[in-house]
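Subject: Handing over the structure, with notes on what was found

Dear colleague,

Please look it over before you go on to the text below.

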Amino acid sequence: MANNPLETVCVIGLGYIGLPTAAVLAQAGKRVTGVDLQESVVESVNAGRVPFVEEGLETVVAGAVARERLHAQTSTPPANAYIVSVPTPFKEGHTADLGYIESAARSIAPQLTGGELVVLESTSPPGTTEHMADVILSERSDLTAAPGLPTSLYFSHAPERVLPGRIMIEMVDNDRIIGGTTEAASQLTRTLYESFCRGELLLTDARTAEMAKLTENAFRDVNIAFANELSLIADQLKIDVWDLIELANHHPRVNILQPGPGVGGHCIAVDPWFIIDAAPSTSRLIRTARDVNDSKPDAVLQKTLKAAERFKAPRVAALGIAFKANIDDLRQSPSRDIVGRLADSLEDGTVLVSEPNIEQLPMELAGRPNIELVGLDDALEQADIVLLLVDHVQFKSVDPDSLQAKVIIDTRGIWNWARQLSGATPPP
Ligand code: SAJ
């Protein structure tokens, strides 16, 4: 077993995963330094504030900063353990851009003395943890990945699996996969994660851990694609898809997910591509699911434009531009894409955006003459067409009967549900 007290931890990347991870580690008694390139993020964390909406996070961050357990800075310090939690976006051709991981690795390399643990949490293609180790070892030929020596380094992958909106609960309660490049690295990572994780810690090798994470999100993508395809088929056959799914789900072995305006966010819409890139000729179903989900925003757009034809200067209330319910995250949001393209296509029309979780529109939508950010009541009152894009809690409380004079396009089925199956429990 490595001789590492795991008392000081450096978390690189203070985003949606890195910051909560840093906060729960600090809460568990570690001395944590959070590192981020953005000065504004560092300032905000050091002031005990969280730069994005996530239930319960700010209290833990503020407490950890006040107790001097958590501190943020822009440079990478020495530490017993490093957690790399930086983005892995894709570049041209849907291949993973490992640039942020490589530069995190290069920032860690000069700080190492031997015995440290370096954990990659970022979702990555198979082989990335080994690649991160190679980047570090290529800069530090005095250190080794072989375990048990004073010069040993320990590398592993511990993919995060938390659901935005429930991060503070799932960070602690979820089971966790840990894959070391050596058995000793897995064991050391387990010791670190059991300081805050109540879920089961499942040990494997690094490549299997990387693939397991991608598999989870690809599984979800394929299943959402099934629901989205079903919604198009049901539209064509004039069947209510929500009713259809509810009925089919009464079968003891059927559990169809919910259709929507498309799949957004930085995980489910991205990770399957890493599998497709690693095994292009065998990933046929996974690729088709991506195509089905990516084509859904266009189907919603066409349906809305068709409905708009009957109005001279249509006013469309677009409810929600976050990528899913009750968060302010607009990354790769299908709704945001639909709103932009709708405004492009409606020559004499206006799009009234209601998004309770933001105060200003994202850059590409702001300042456009036919897009306005308005309150929910305003949007509903003025609209000819009500286009429900995100199932935010605020929208769920709108009485669909009050919208009878309007055209309703409900891509999430929250009002259709109320109308069709009164008395039934709404979908979670
Ligand atoms: N969506 C549907 N229908 C559904 C469920 C989701 O259209 O029935 C859409 C959502 O509206 C959203 C997208 O899919 O646009 C993704 O939302 P999500 O809630 O399914 O997942 P994410 O992206 O917020 O988080 C996922 C989670 N992965 C799985 O559930 C397998 C989470 O546990 C991961 O930690 C996260 O990806 C990640 O970081 O990889």
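This is a predicted model: local features need pLDDT of at least 70, side-chain atom pairs count only at pLDDT 80 or more; totals for chains, interfaces and linings use all residues.

The chain as a whole

The chain has 428 residues, and its radius of gyration of 24 Å agrees with the value near 22 Å that a compact globule of that length would have. Of the 428 residues, 55% count as buried.

By kind, the lining residues divide into 17 nonpolar, 14 polar and 6 charged, while the largest share of the lining, 4 residues, is contributed by helix 4, which covers residues 99–108.

The loop between strand 7 and helix 5

Two residues of this loop deserve a separate look, and one of them is Glu121, which is found between strand 7 (117–120) and helix 5 (128–139). Is Glu121 buried or exposed? Its relative accessible area is 1%, so Glu121 is buried, the cut-off for that term being under 20%. The side chain of Glu121 makes a polar contact with the side chain of Arg176 at 3.0 Å, and another with the side chain of Tyr193 at 2.6 Å. Leaving aside neighbours within four places in sequence, the residues in contact with Glu121 include Ile17, Thr21, Ile83, Val84, Ser85, His157 and Glu160, as well as Arg176 and Tyr193 themselves.

The other residue is Thr123, which lies in the loop between strand 7 and helix 5 and counts as buried because its relative accessibility is 9%. When residues up to four places away in sequence are not counted, Thr123 touches Thr88, Glu160, Lys213, Leu214, Asp271 and Phe274.

Pro20 is found in helix 1, and with a relative accessibility of 0% it counts as buried. What does Pro20 touch, if residues up to four places away in sequence are not counted? The residues concerned are Gly15, Leu57, Ile167, Met168 and Met171. Thr208, by contrast, lies 188 residues from Pro20 along the chain, and the C-alpha atoms of the two are separated by 25 Å.

Leu57, which Pro20 touches, is also one of the buried residues of helix 3 (residues 57–66), the others being Val60, Val61, Gly63, Ala64 and Val65. Which elements do the buried residues of helix 3 pack against? They pack against helix 1 (18–27), helix 2 (39–46), strand 3 (70–73) and helix 6 (167–173).

Positive phi values

Just after helix 3, Glu68 takes a positive phi of about 60°, and this is a residue other than glycine. Glu68 lies in the loop between helix 3 and strand 3, where its relative accessibility of 62% means that it counts as exposed. Leu6 likewise has a positive phi, of about 50°, although it is not a glycine. Leu6 lies in the segment before strand 1 (8–12), and at 2% relative accessibility it counts as buried.

Helix 9

Lastly, helix 9 runs over residues 241–248, and Val241, Trp242, Asp243 and Ile245 are buried in it. At the start of helix 9, a side-chain oxygen of Asp240 reaches to within 2.8 Å of the backbone nitrogen of Trp242.

With kind regards

Note on methods
Residues are numbered from 1 along each chain as its sequence is written. Side-chain values use heavy atoms; hydrogens and water are left out. Buried means under 20% relative accessible area, exposed over 50%, partly exposed in between (1.4 Å probe, protein chains only). A polar contact is a pair of N or O atoms within 3.5 Å; within protein, one must be able to donate a hydrogen and the other to accept it, and residues adjacent in sequence count only if both atoms are side-chain atoms. Ala, Val, Leu, Ile, Met, Phe, Trp, Tyr, Cys and Pro count as nonpolar, Asp, Glu, Lys and Arg as charged, and the others, Gly among them, as polar. The radius of gyration is taken over C-alpha atoms; the globule rule is 2.2 Å times the number of residues to the power 0.38. Contact means heavy atoms within 4.5 Å.
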